[in-house]
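Dear colleague,

I am handing over the structure that I mentioned, and below it you will find an account of what turned up when I went through it. Please read the text with the structure open beside it.

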Amino acid sequence: MRAAILRKAGEAPTVGEFDEPDGQVVDVRVAGCNPVDLALASGAAGAPTVPSVVGKEGVGLTADGTRVYFDSPPDPFGSWAQRCRIEPATAFPVPDGVDDDLAVALGIAGLAAWLPLTRHASVTDAESVLILGATGTVGRIAVQAAKLLGAGRVVGAGRNPEALEQVAALGADATVELGKGDDADALKAEAGAGYDVVLDLVYGKPFLAALEASAVGATLITVGQGAGSSAEVSFRSLMGRTHVGHLNNAMGPDVMRAGYQELTRHAADGKITLDIRRYSLEEAADAWRAQAESPHAKLVIVP
């Protein structure tokens, strides 16, 4: 079968022939492209299996024709292929009314927005929510999710002014452009009495600014580290606040399944939209490069 194959750690995959998967297999309709795919291939999380097919998520058809979203296929099989072996525990049915592209976008990215806001925090109509790194796919979903959950005020922060305009169009009550001066002051200007919930997708110095702008009793959930893998956090700044490091798969398959069902129900009702950019499997290297440049869209691969 045709697949995008990682042949050496740190290099972009190349398209070629790969062994057919065994076990429970789906015909892949679309595969997701994510920062985690590049991180795993780089060896940042340990030496990757080589050769192996890249791709941590996809949407496919089972042998009986059921359409499922699947996450974390077992090595050496990945989702950027015509067919993929799946783990049944992390394969969730996709409801009618959600197309393949949106269904895969609501997997890794969607759950990284939805689960923190519903499992680590409780969003109410009296609360102010900051999405730190709102211009990426996770951030855009998070803005819409916070509004769906009834947040009193949703603020999206990021560095790209054009992308922030799009975030505002998705329902953010205000946006903050980071990197133009004192980020803490800029965030405080839109925080009112302080942010009650912070979904942090970037960490590093922006997280420290958001922490300074948060309210006593706030919950801050860090999901990504695009602005830095470390931050010097004083104990005093954390007093009266809760900081959680989130990982989708650490929540367990049952929580992921329930969260995916909740999120896709909203999507089926037309309440979540995203910019999605398609690549054919033969264009895998182009998609890989585009993801490395931090696109403000969800990238999907069509075998």
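**Surface, fold and charge pairs**

The protein chain exposes about 12,800 Å², of which carbon and sulfur atoms supply 48%. Please keep in mind throughout that this is a predicted model, so that every value here is computed from predicted coordinates.

As to the overall fold, the secondary structure of the protein chain comes to ten helices and 16 strands. The radius of gyration is 19 Å, close to the 19 Å that the globule rule gives for 303 residues, and the chain is therefore as compact as a globular protein of that length. Along its principal axes the C-alpha trace spans about 55 × 40 × 35 Å, and 50% of the 303 residues count as buried.

In general, side chains of opposite charge can pair when their charged atoms come close. The structure holds 16 salt bridges, and I describe some of them here.

One of the salt bridges is formed by the side chains of Glu 282 and Arg 2, at 3.2 Å from N to O. This pair links distant parts of the chain, since Glu 282 sits in the loop between strand S15 (276–280) and helix H10 (284–292), whereas Arg 2 belongs to strand S1 (residues 2–6), 280 residues apart. Arg 2 is partly exposed, with a relative accessible area of 26%.

Another salt bridge joins Lys 298 to Glu 57, with the closest N and O atoms 2.9 Å apart. Lys 298 lies in strand S16 (residues 298–302) and Glu 57 in strand S5 (residues 57–61), so this pair ties together parts that are 241 residues apart in sequence. Both Lys 298 and Glu 57 are buried.

Lys 180 counts as exposed at 65% relative accessibility, while Glu 177 counts as partly exposed at 29%. There is also a network, in which salt bridges that share partners join Arg 2, Glu 17 and Glu 282.

A cis peptide bond joins Val 50 and Pro 51, with omega at about -5 degrees, and Pro 51 is found in the loop between helix H1 (35–42) and strand S4 (52–53). A cis peptide bond also joins Asp 75 and Pro 76, where omega is about 0 degrees; Pro 76 has its place in the loop between strand S6 (67–71) and strand S7 (83–85).

The loop between S6 and S7 holds Ser 72 as well, and phi of Ser 72 is near 55 degrees, a positive value in a residue other than glycine. Ser 72 counts as partly exposed, at 23% relative accessibility. Ser 294, in the loop between H10 and S16, likewise has phi near 55 degrees, a positive value in a residue other than glycine.

Note on methods:
Residues numbered from 1 in each chain as written. Predicted model: local features only at pLDDT ≥ 70, side-chain atom pairs only at ≥ 80, totals over all residues. Heavy atoms only, no water. Helix = DSSP H or I, 4+ residues; strand = E, 2+ residues; numbered from the N terminus. Rg over C-alpha atoms; globule rule 2.2 N^0.38 Å. Buried < 20%, exposed > 50% of the residue type's maximum accessible area, 1.4 Å probe, protein only. Areas by Shrake-Rupley, 256 points an atom, 1.4 Å probe, with all protein chains shown as cover. Salt bridge = Lys/Arg side-chain N within 4 Å of Asp/Glu carboxyl O.
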